[in-house]
There are 2 protein chains.
Amino acid sequence: MQIILPSGKTIKADPRVTLLENLKNGGVNIIAPCGGDGVCGRCKVIVKEGKYRTRLKDILSEKEILEGYTAACHTYPESDLKIEIPASSLLNVDGVIATGRAEDLENIFNSLDVPISPLTTKAYLELPVPTLTDNISDMERLKRGLAEMGFRNPNFSFRLIRELARNLRQEDWHVTVTLMDTEYGKEVIRISPGKADKIMDDYGLAIDIGTTTVIVYLIYLATGRLVDIASTYNHQIIYGEDVISRIVYATEHGGLRDLKEAVIDDINSLIESLKGKYRLSDRAIESIVIAGNTTMMQLFLGFDPASIRKEPYVTTTNRFPIAGAGRIGIKVMPDVPVYTLPCAAGYVGGDIVSGVLATKIHEKQELCAFIDVGTNGEIVIGNAEWMVAAACSAGPCFEGGGLKNGMRATEGAIDSVKINPATLEPEITVIGEGVPSGICGSGVIDTISEMFLKGIISPKGKFSTDLGLNHIHLTDAGPEFILYQTGDDAISITESDIDNILRAKAAIYAGFMILLKEVGLTFDDISTFYIAGGFGRYLNIEKAITIGMFPDQPREKFKYLGNTSVTGAYLCLLSENLRKQAEDIADKLTVIELSVSGHFMDEYIAGLFLPHTNLSAFPTVAGSRGIILESTL
Amino acid sequence: MQIILPSGKTIKADPRVTLLENLKNGGVNIIAPCGGDGVCGRCKVIVKEGKYRTRLKDILSEKEILEGYTAACHTYPESDLKIEIPASSLLNVDGVIATGRAEDLENIFNSLDVPISPLTTKAYLELPVPTLTDNISDMERLKRGLAEMGFRNPNFSFRLIRELARNLRQEDWHVTVTLMDTEYGKEVIRISPGKADKIMDDYGLAIDIGTTTVIVYLIYLATGRLVDIASTYNHQIIYGEDVISRIVYATEHGGLRDLKEAVIDDINSLIESLKGKYRLSDRAIESIVIAGNTTMMQLFLGFDPASIRKEPYVTTTNRFPIAGAGRIGIKVMPDVPVYTLPCAAGYVGGDIVSGVLATKIHEKQELCAFIDVGTNGEIVIGNAEWMVAAACSAGPCFEGGGLKNGMRATEGAIDSVKINPATLEPEITVIGEGVPSGICGSGVIDTISEMFLKGIISPKGKFSTDLGLNHIHLTDAGPEFILYQTGDDAISITESDIDNILRAKAAIYAGFMILLKEVGLTFDDISTFYIAGGFGRYLNIEKAITIGMFPDQPREKFKYLGNTSVTGAYLCLLSENLRKQAEDIADKLTVIELSVSGHFMDEYIAGLFLPHTNLSAFPTVAGSRGIILESTL
C-alpha cells in the first residue's frame, strides 16, 4: 500500500498508523500543533483518490469535507492514496531570518572587558622520555607535565587512560592535551599526539533552541568573530506548536525520543551546512554552548519534561552537566564539550539567563526590565542587587503562529504595515521585497495598532463593518482585513487573529503588572525596558505600546534586541567568567508563579482591550487615537 | 572440514588458521606457554587420522613424530583430523585449592580495628513532595536531602539525571541513593525508587588475578564474613605462561583483547557459580575489589602493557580509576564499582601492595621482609618509616609450571615429600589423598631439599648416579628421581626440573641480597620474614632454607601466609581507611630495579648451588647435611 504525493513521488503506507505518521515516516513534515490530538485541524490534507477511514470530521467545514479534506492525524489509509497537501499544512523549512550582526555581537563582548576563555584549553607538552632513573608511569609523567603548566591533578576518563600509552609515544612524547573546566575541577577531554593545530583554527558554536526556531552561530574562538549564522525551524513543531503540547507528546505519547531526535537532527543539519560552506574539518569545532527555555533544554538532553507542565512546575534539574557531543548525538567529534546554560525554573530558562547576561541587568545599579516575547513571554525586573522573573503564556502569535496568514520573520513576510489615513488602505513592506506570503509579528502589531488608531476596529478588537471598505471581507468565520490580494489568494488579518493577539498582549502586560506589584514598584521606576523576541528585523515600539503590549512609557526607555538567547550563548562560548556569571544569574533570579496571584486574571481581563481598560495608564495612546479619529471622521 | 576430538565430539576446522587456534575456537584450551611462537612444544597433540601441514618439527623427538605428535601452534589442517590430546597439553580447570580460611581473614580484619566501610554507602531518603512554595528542581531536592544526611554536593552522571524524574516519583519521593567515594569526591552511582534492601543483604567480591590462578572471595559486607571461595586457572595461560610472554602476545600479536576477555570470562564464570550456589539475586553483589600484579591489572582493564616489558619498564598508570563493572565487562549490575588496588611500578603491583597491607609492615617499628613467590618473585623490606621493593623473575616452577610433572596445588598434587634415610625411598602426601597426578611447589622444594640432604644430588643439583637406586631412572634427557609409579606412568623430578628450581631460588635469594645491600642491612636486621605464594597448603620453611631459597635465619622469624594478594583485596573491600592505606603504601614503596645493579648477576650465579656457594651463610644447612651424610654412609 502506498501514498502518492503531489510531486508524483510515492511513499509506503502502513494501514495501522495514521496518515500523519505515514507522511512523517516518508519524510513529509506536516504541522500538527496540537500533537495529533485532533483539536487544531492544522494537519489537514486532501485525498484525491483512494479509500481511507476517519472518525474526525467536526473540525472541518462541510465545504472542506466535500473537497476531500481530512485531518491526517485521525485518518488511516485503506488503499493506495493520492493526496494533495495545502501549503498551510506543510512545514516550511526554507530558512528563517536570524537576528544578530557580527559587529553588534563583538561590541557586546568587548564591552564586557573579560578575556577570551573558551570551554577548552589546549596545552602542548614535550615530556621527557622515560629513563631508569625517571620511570614513573605514563599517567604520572603526563600529570607532572601538566602541573608544570599550572594544571594540577585533572580528572581523566577511563577511555583516555586506555589510549594513553599509544598517544604519548606516537610522536615521541610530544602531545597536545585538551582540558575543560567542570563543576568538579579540571578534566582532560582529549590527548592528541604531537602539536595540535594552534587554537587559532578552532571554532565554536553558539546555539539557541527556540520553541519555533533553531539558530546556530559559527564563532571563531580566537577573536570571538561571528563567522556565519544558520537557522531552521525547530522540527519538534510537527509534534506540537508550544511547549505544553510538546510536553504532552513527550509524556503521553512516549515521544521524548522523537522530540529529542527532531531537534538534534536540526542542529546536525545546520552544523553540516556550515561545515560544508567553510570547508571545516571534523576537528574544527572545539566547543558548543546551548541556550533555550527550560523545556527545550530538557528535551534536547533527553530529560523527561512531564513535571514542568503540572503544578508546582518542577524541572529535573536547572544545572546541566557538560556532556560530550557524542553522548548527546551532535555530529562533531564525540569529545567536544557541550555546555548548556543554566535555568532558573520550569518557565524561566537558559534563554532568559542568556538575556539577562546579554543586557547586563545583573550588573546595573538602576532598575531595568527585560521582556522576551517568544512562544512564551518571560519578564525580568531587577538590577545588580535583586532580580525577579515570571513567565506567561503568550502563544506563538508574535512569531506568526496561530494566525490565519501568520508566518515567521522570513523572506516573504509582511513586516511593517501602515494604513493610509485618507483611504484607509494598507501600505506594506515585505522581507526580501518580493511577493508577500504571510505576515510576521512586527507586521501584525503594526496592522492591529493601525486598524485601532484608524477606527477600523473597536477597543474590543471588533470590526467597524459599517465603514464599507473594499478590503474588509465578510466570511463565514467573520470579517477580515485584506493586506494583500492576488486572484483568489489573500493575506488578511481576521477577527480571530485579533482575538489571539489581544490575549497574548494582555497576558504579557498582566504578567508585567503583577510582577511589579509583587515588588511594590510601578513602570515609572524602570529606567530601561529591554525587549527581545523573534518579531522581525525591527519592532515598532510605538505600535506595540499602542496595542497595550508594553507600558506607555517614554519611547527612549525601550531597546529592541532581537534574539538575546543566542547572544548569551555566544558570550558563554567565549568566556569562563561569563559562564560563571550565567550560573550566578540563574541562582539570583527569584521566580514568581503568576498563576498563584489572585490578581492575574483581573489584570489579564483588563488587558483584553485596545490599549487597555484603564485608559489612564496609556495617556499618549488615548491622545493619538483621539486625534487620529478626529482627522478621519 | 572438521576436527574429531578424543571424546568423539567434532569442532569446525578452518585450514587458514592453526590447529591451536581451531581448538581454542572450538572451546578446547591447549596450553601454549610461549604464546604460539613454536618455542616450548607444550601444545603438542597427536593426529591419529587426517592430513595436515607443519614446518615445525625440531622441538619434537623422533619417537614423538613417529607417534603422530605435532605442535598445534604450527600445524594447519588439510583434511578432517582425528586427534588425541595428551593430558600435559590440556589446561586443567577442575579447580585450584585456594588458601585462606574465614576465621583467619576475619581475625586479620578485626585486628586492624577500623570500621566496616565498603566502596558504596546507601542513603534512604523520604523527600518532601514539591509544592508551589517549595518547587526547586528534582536535582536540588535530592541534593538538599543528601546534604541533610551529610553528603554534600556529590557528582551525578548524565545517565542518572536522565532517569531522575521517574525514579523520584515512582515510590512517591521515597528513594534509596547509593554513593561512592572517588578521587574527586562523592559520586552517586544509583538511585532506586523506594527503600532498597537493607545493606545487610549486600555482598562484595575480593578478587586476585594471579598470572596462574584467579581467586574470587564472596564476602558478606555487613560483617566481613568470607562466605565462599571460587577459583580457576587464569585462562590467559593459553597465550603464555608468564607475564612477559603475555605482554608479547598482547603487543606483537595484537592480542590485548583476547587476554582481557580470557580473564574477564574466568571472573564471570566464577561469579556465576557463586551466585548459583548461594542463589544470589542480580542486585546482591554491591562492590568488587581487584588485586594482582601490574601486568594483570593492565590486561584486566584493557590498558596496553607493552612498555612494562621494555627498559625502563613504565606502566600506563599505577592508580586506576574506579570503573563501573559494565564498562569492564564483569557481569554483575553495570553500575557496581570496581576498585583496583594501586601498583608501585611495572613489576611491583597491587598484589604486593595487598601483601604489605595484609602483613601491616607499613605500621611496624621493627624491620620486616615480605616475599611473594608467584610466577614472579617480589620482595619488600621496610617498616613504618620506609619500604623498598624489588622484583625478580622466578618463573612459574613454584606453582608447578615448567616442570615435567609440575602442577598447581590442587587435588592430586604431591605436596610433601620425605626421603627415608635408610632406604632412600620417597614418602609422599597427596592433596585429597588419592592417586597423585603431579607435584606442586611445596612438594618440589621438599624433594630437592631431601635429595640434597640425602646425598642423591650434589650441591650443583646433579644426580649421584652411582647410588644405584631403583627409583632413579636414566632417560635420553638425563636421570630422574621417581616419586610415584603405576605401570608406564611415573611422576618424577628430572635434572632439568632441578636446574629450573635452582635458577628460581637463586633469583629470589640474589634479589633479596641486592635489596639488603642497597639499604645497607643484613638478614640479621630483619625481625620477621613474611612468605606469600601459591606453594600449597603448607610450606616447609626448613626445606626452603635448605635449598637456599630463603636465608638461614631462626625458623621462628618466618611466617607463611599463602595468598596475601586476595587478603589485601578483601581488606580494601571492607574499609575506606584501608583503601587509603593501600594508596599510601603504593606511594611509599621505593622500587629498585635489580637489573641496574652490577652485582645482581654475581649474586645470582653464587646462588645456583645447594644451598649456596657461600656455605658460611647457611651454617645450619651445612651442619644438617654433614650429619645426615654421615649416617647414611
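The paragraphs below go through a predicted model, from the pairing of its chains to its sheets, helices and nonpolar core.

Two copies of a chain are related by a rotation about an axis and a shift along it. Here a rotation of 180 degrees, with 0.1 Å of shift along its axis, superposes chain B on chain A at an RMSD of 0.1 Å. That is the relation of a two-fold axis. The same surface serves both copies, since 100% of the contact residues of chain B recur in chain A. Within chain B, the residue that comes closest to the rotation axis is B:Tyr184, whose C-alpha lies at 3.5 Å.

Chain A can be described on its own. It contains 19 helices and 29 strands. Its C-alpha trace spans about 100 × 65 × 45 Å along the principal axes. For 633 residues, a compact globule would have a radius of gyration near 26 Å, and the 27 Å of chain A agrees with that. Of these 633 residues, 59% count as buried. Among contacts in chain A between residues at least 6 apart in sequence, 67% join residues at least 24 apart.

One of the sheets in chain A is open and has six strands in the order S28-S27-S18-S19-S20-S29, with mixed pairing. Strand S28 (558-562) and strand S29 (589-591) of chain A are its edges, each pairing on one side only. From one strand to the next the twist averages 20 degrees. Strands of a sheet pair through backbone hydrogen bonds, either parallel or antiparallel. At the S29 end, three bridges join S29(A) to strand S20 (residues 387-392) of chain A, and the two run parallel. In this pair A:Val388 stands opposite A:Thr590 of S29(A).

Two helices of chain A lie across strands of this sheet. Helix H14 (residues 495-518) of chain A lies across S18, S19, S20 and S27 of chain A, at about 25 degrees to S19(A). H12(A) lies across S18, S19, S20, S27, S28 and S29 of chain A, and runs at about 135 degrees to S18(A). How many of the residues of helix H12 (residues 350-359) of chain A are buried? Ten of the ten are, so this helix is largely enclosed by the rest of the structure. The buried residues of H12(A) include A:Asp351, A:Ser354 and A:Thr359, along with A:Ile352, A:Val353 and A:Leu357. After H12(A) comes A:Lys360, which has a positive phi, near 65 degrees.

In chain B, an open sheet of three strands has the order S22-S21-S23 and mixed pairing. Strand S22 (426-430) and strand S23 (438-439) of chain B stand at the edges with a single partner strand each, so one side of each has no neighbour in the sheet. Strand S21 (residues 413-419) of chain B is joined to S22(B) by five bridges, and these two run antiparallel. B:Ile419 stands opposite B:Pro426 in S22(B). Helix H13 (residues 441-453) of chain B lies across S21 and S23 of chain B, at about 15 degrees to S21(B).

In soluble globular proteins, nonpolar side chains tend to be buried together. The largest nonpolar core in the model has 69 residues, and those with the most contacts inside it are B:Ile381, B:Phe398, B:Met549 and B:Phe550. Helix H14 (residues 495-518) of chain B gives the most to this core, with 14 residues. Leaving aside neighbours within four places in sequence, B:Phe550 is in contact with residues including B:Ile371, B:Val373, B:Tyr509, B:Ile531, B:Phe558 and B:Phe618.

Definitions and conventions. Residues are numbered from 1 along each chain as its sequence is written. Chains are lettered from A and ligands numbered from 1 in the order in which they are written. This is a predicted model: local features need pLDDT of at least 70, side-chain atom pairs count only at pLDDT 80 or more; totals for chains, interfaces and linings use all residues. Side-chain values use heavy atoms; hydrogens and water are left out. A nonpolar core is a set of buried Ala, Val, Leu, Ile, Met, Phe, Trp, Tyr and Cys residues joined through side-chain atoms within 4.5 Å. Buried means under 20% relative accessible area, exposed over 50%, partly exposed in between (1.4 Å probe, protein chains only). Helices (H or I, at least four residues) and strands (E, at least two) are DSSP runs, numbered from the N terminus. Contact means heavy atoms within 4.5 Å. Two strands pair if DSSP finds at least two bridges between them. Axes are lines fitted to C-alpha atoms, for helices over the stretch in contact, and angles run from 0 to 180 degrees between N-to-C directions. Copies are superposed by least squares on the C-alpha atoms of residues with pLDDT of at least 70 in both. The radius of gyration is taken over C-alpha atoms; the globule rule is 2.2 Å times the number of residues to the power 0.38.
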